[in-house]
Amino acid sequence: MRTAYTISAIGHAAVLLWSVWSLAANPLPVSSTEGLPVDLVTVSEFSNIAAGSKDAPKTETAKPLVEKVAEAKPVEDPTAKVVEKKEVKAAREPPPAPDSKPTESESAKKQAETPPDPIADALAKEEVKKPEPKKADAKPPTPPKKPAPPAPKFDPKQVAALLDKREATRLAAAGETLNNAPSLGLSNGAAAQLSLTELEALRALLAQLWTVPAGAKDPQELVVLIRVKLNRDGRLAAPPIVLTSGASPLFMAARDSAIRALFRGQPYDMLKPEHYEQWKDVEITFDPRDMIRG
Amino acid sequence: MLGGAAGALASLSPRPAAAVLKLNITEGNVQPVPIAIPDFVGIGLHEPATGRNVSEIIASNLRRSGLFAPIDQAAYIEKVSTIDTLPRFADWRQINAQALVTGRITQTEGRLKAEFRLWDVFAGQQLRGEQYNTTADNWRRIAHIISDAIYERITGDKGYFDTRIVFVDESGPKERRIKRLALMDQDGANVRYLTRGDDLVLTPRFSSSADTITYMSYREGDPKVYLMNIETGQREIVSNFPGMTFSPRFSPDGQRVIFSLQRGGSSNLFVMDLRSKATTRLTDTQVIDTAPSYSPDGTQISFESDRGGKQQIYVMAATGGPAQRISFGDGAYSTPVWSPRGDYIAFTSEARLTSARDAVSRHLARPHLGAVA
């Protein structure tokens with residue numbers, strides 16, 4: 001027994017010793033492969049940028065920069081529009097409901113205060129009676145009203161939006177509330193609108209061809225909006241139509257430089273023919289204000 | 001078709017196919033505009049080179065502005081022989097000209113008729129066309145006026161080519177330097193002397209009316225501020241105070257002259273109305289206030305003063321009153337001049353470098369931003 005233990009102990013010790021020696025002597029071979037750092041960059045990282053300024057602090061929910069108040073926000077989703085219309089109907093009905101509550105509490109108070117006076121009692125009863133039919137009237141509309149309360153505040157500023165019978169998918173240019181404090185983004189950011197290399201290429205080409213009138217003091221005059229109709233081969237179908245107007249020499253210079261860029265850029269090969277329906281009609285804003293702000 | 005298109009286009013835009021694609025271009029470049037200026041066509045010219053000279057003056061004016069890049073005539077494909085037909089725009093596009101100037105000069109005896117057309121090569125349109133009549137020896141001025149018209153039409157800013165510069169011309173050996181008032185075109189041509197160099201002259205300045213200058217001269221011993229009509233040569237002394245007057249400058253409307261008057265160890269700013277000859281004191285200090293310059297709207301004055309210990313630049317209302325310091329750096333800041341557009345003040349700053357050599361540099365400052373580096 002003892003010899004068996006001894007043999008076993010010696011055997012184990014030998015195996016252990018051998019393994020320490022042999023394994024330590026031959027470290028696991030590690031072949032060195034050249035590391036290739038890979039960084040995934042998506043197109044949207046460049047094109048999906050909110051309107052803002054480069055040095056603004058980053059916020060969790062980025063608000064687009066809105067410099068001008070317009071009638072309504074763009075409503076992208078048709079379903080959202082339907083909900084909005086429903087709310088309009090609800091807003092007309094509610095008047096009776098708010099009435100009932102104050103009268104109820106008022107009458108209760110009166111009852112508690114003046115119990116001995118019979119005349120007052122009678123008056124009070126009358127008053128109590130009055131609201132009751134009202135209450136009965138009001139009750140039915142309340143259940144469907146419940147989900148509505150959060151939104152249907154009547155806002156006179158929004159009348160135009162309520163009367164609007166156009167397709168739900170229209171896009172307004174400006175926002176409904178001013179937001180002068182831009183959040184992180186770029187002035188040319190157009191998040192939620194475009195994210196494609198074709199458009200980025202078009203934008204880059206025009207930026208390269210467009211010579212900004214130098215040394216303008218009032219850059220507001222230099223913003224030019226131009227509508228361009230394109231042929232399938234990427235050439236202008238007609239001379240560009242200028243949608244902004246002005247008579248100052250500065251505006252004329254800005255307008256002509258923008259038109260010159262559009263002429264020089266054709267044919268716009270980067271626009272693929274299979275997307276022709278998308279780009280056959282383009283509205284381009286040439287806005288040098290950021291360049292001049294510095 | 002709609003379904004397929006919508007699928008294919010889903011990535012392009014969330015809007016349906018009928019919508020207008022919107023694009024914002026907020027960046028451009030500020031490269032000089034390539035412009036082609038072939039020789040003007042000459043008809044009946046006594047001096048056949050006039051057509052070429054005019055186009056050369058226009059080209060060098062525009063090139064000097066930094067905003068245009070005139071294309072070498074050797075590259076031209078089309079030879080312009082008349083200005084009554086459309087140019088072959090394709091030929092000009094070929095050499096990458098964005099604008100093209102064609103012109104004609106007709107001489108009938110002593111009179112010149114100059115016509116020009118400015119073309120947008122890529123749009124294939126005429127941007128501007130004008131004609132001028134003048135005497136034959138005035139062809140240089142015509143070239144400057146045409147340069148102004150082209151400059152204004154393409155940059156939107158007023159041109160400055162049809163202007164003159166008044167300056168002090170120094171000549172002679174070091175110990176007997178002669179200083180004369182002189183006048184030249186903006187491009188250095190047509191130099192004309194206004195004084196003979198008998199007395200020392202300094203700091204000539206133009207009036208907005210362009211026929212009067214004001215300057216400082218030692219003509220009567222003490223330095224005094226003078227006015228001179230450059231057409232008639234008539235001279236007049238501005239406010240004959242005891243003490244020395246210097247550093248004059250016109251108000252933007254040309255009706256007043258602002259200057260410094262030194263009495264004792266201090267100098268103060270005064271303004272004189274040229275019609276009533278009434279002089280008003282603007283500052284009353286025991287320090288040196290000088291080098292005043294009006295803002296283009298005439299409501300403010302920038303000047304240098306050592307009221308803070310060192311020479312620095314200040315701005316105050318044109319009627320006097322408290323002044324606001326706008327320069328704060330090391331060294332001395334002097335001779336502020338307001339830009340015609342009103343957005344910058346140019347000034348000189350002198351700072352002592354470590355090598356004990358004085359470095360003088362000229363800078364621009366925004367008057368409303370306050371601090372200047």
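Trainee: Before I get into details, what are the overall scores of the model?
Mentor: This is a predicted model, and it scores ipTM 0.72 and pTM 0.63.

Trainee: And what is the average pLDDT of chain B?
Mentor: Chain B averages a pLDDT of 84, with 89% of the residues scoring at least 70. Residues 354–359 of chain B fall below 50, and that stretch has 8 contacts in the model beyond near neighbours in sequence. Residues 368–373 of chain B are also below 50, with 13 such contacts.

Trainee: OK, chain A next. How many helices and strands does chain A have?
Mentor: Chain A has 12 helices and 3 strands. Of its 294 residues, 28% are buried.

Trainee: What share of the contacts in chain A comes from residues 24 or more positions apart?
Mentor: Taking contacts with a separation of 6 or more, 80% of those in chain A are between residues 24 or more positions apart.

Trainee: Are B:Arg153 and A:Asp256 buried or exposed?
Mentor: Both B:Arg153 and A:Asp256 are buried.

Trainee: What about B:Glu115, which side chain does it meet in a salt bridge?
Mentor: B:Glu115 meets B:Arg104, at 3.0 Å from N to O. The two are 11 residues apart, with B:Glu115 in strand β6 (residues 111–120) of chain B and B:Arg104 in strand β5 (residues 99–108) of chain B. B:Glu115 and B:Arg104 are buried too.

Trainee: And B:Asp289, what does it form a salt bridge with?
Mentor: B:Asp289 forms one with B:Arg307, and their closest N and O atoms are 2.8 Å apart. B:Asp289 lies in strand β19 (residues 289–294) of chain B, while B:Arg307 sits in the loop between β20 (300–305) and β21 (312–317) of chain B, so the pair ties together parts 18 residues apart in sequence.

Trainee: Why does B:Asp289 count as buried?
Mentor: B:Asp289 counts as buried because its relative accessibility is 0%, and the cut-off for buried is under 20%. B:Arg307 is partly exposed, with a relative accessible area of 32%. Over in chain A, salt bridges that share partners join A:Arg227, A:Lys229 and A:Asp281 into one network.

Trainee: Back to chain B. Which charged residue there is buried yet has no salt bridge?
Mentor: B:Asp148 is one, and it is found in helix α4 of chain B. The nearest side chain of opposite charge is B:Arg141, 7.9 Å away.

Trainee: So which residues does B:Asp148 touch?
Mentor: Leaving aside residues up to four places away in sequence, B:Asp148 touches B:Gly159, B:Tyr160, B:Phe161 and B:Asp162. A polar atom of the B:Asp148 side chain lies 3.1 Å from the backbone nitrogen of B:Tyr160.

Trainee: New topic, sheets. What is the strand order in the open sheet of 3 strands in chain B?
Mentor: The order is β8-β9-β10 in chain B, and the pairing is antiparallel. β8 (164–171) and β10 (192–193) of chain B are at the edges with a single partner strand each, so one side of each has no neighbour in the sheet.

Trainee: How many bridges join β8(B) to β9 of chain B?
Mentor: There are 8 bridges between β8(B) and strand β9 (residues 178–185) of chain B. As an example, B:Arg164 has B:Asp185 in β9(B) as its bridge partner.

Trainee: Last one: in β2 of chain B, which way do the residues point?
Mentor: In strand β2 (residues 33–36) of chain B, B:Val33 and B:Ile35 point one way and B:Pro34 and B:Ala36 the other, and all are buried. In a regular strand, side chains alternate between the two faces of the sheet.

Trainee: Which strands does β2(B) pair with in the parallel sense?
Mentor: One is strand β4 (residues 68–70) of chain B, over 3 bridges, where B:Pro34 has B:Ala69 as its bridge partner. Another is β5(B), with 2 bridges, and there B:Ile35 partners B:Ala99.

Definitions and conventions:
Residues numbered from 1 in each chain as written. Chains lettered and ligands numbered in written order. Heavy atoms only, no water. Buried < 20%, exposed > 50% of the residue type's maximum accessible area, 1.4 Å probe, protein only. Salt bridge = Lys/Arg side-chain N within 4 Å of Asp/Glu carboxyl O. Helix = DSSP H or I, 4+ residues; strand = E, 2+ residues; numbered from the N terminus. Pairing = 2+ DSSP bridges. Lys, Arg positive; Asp, Glu negative; His and termini not counted. Polar contact = N/O pair within 3.5 Å; in protein donor to acceptor, adjacent residues only side chain to side chain. Contact = heavy atoms within 4.5 Å. pLDDT = per-residue confidence, 0-100.
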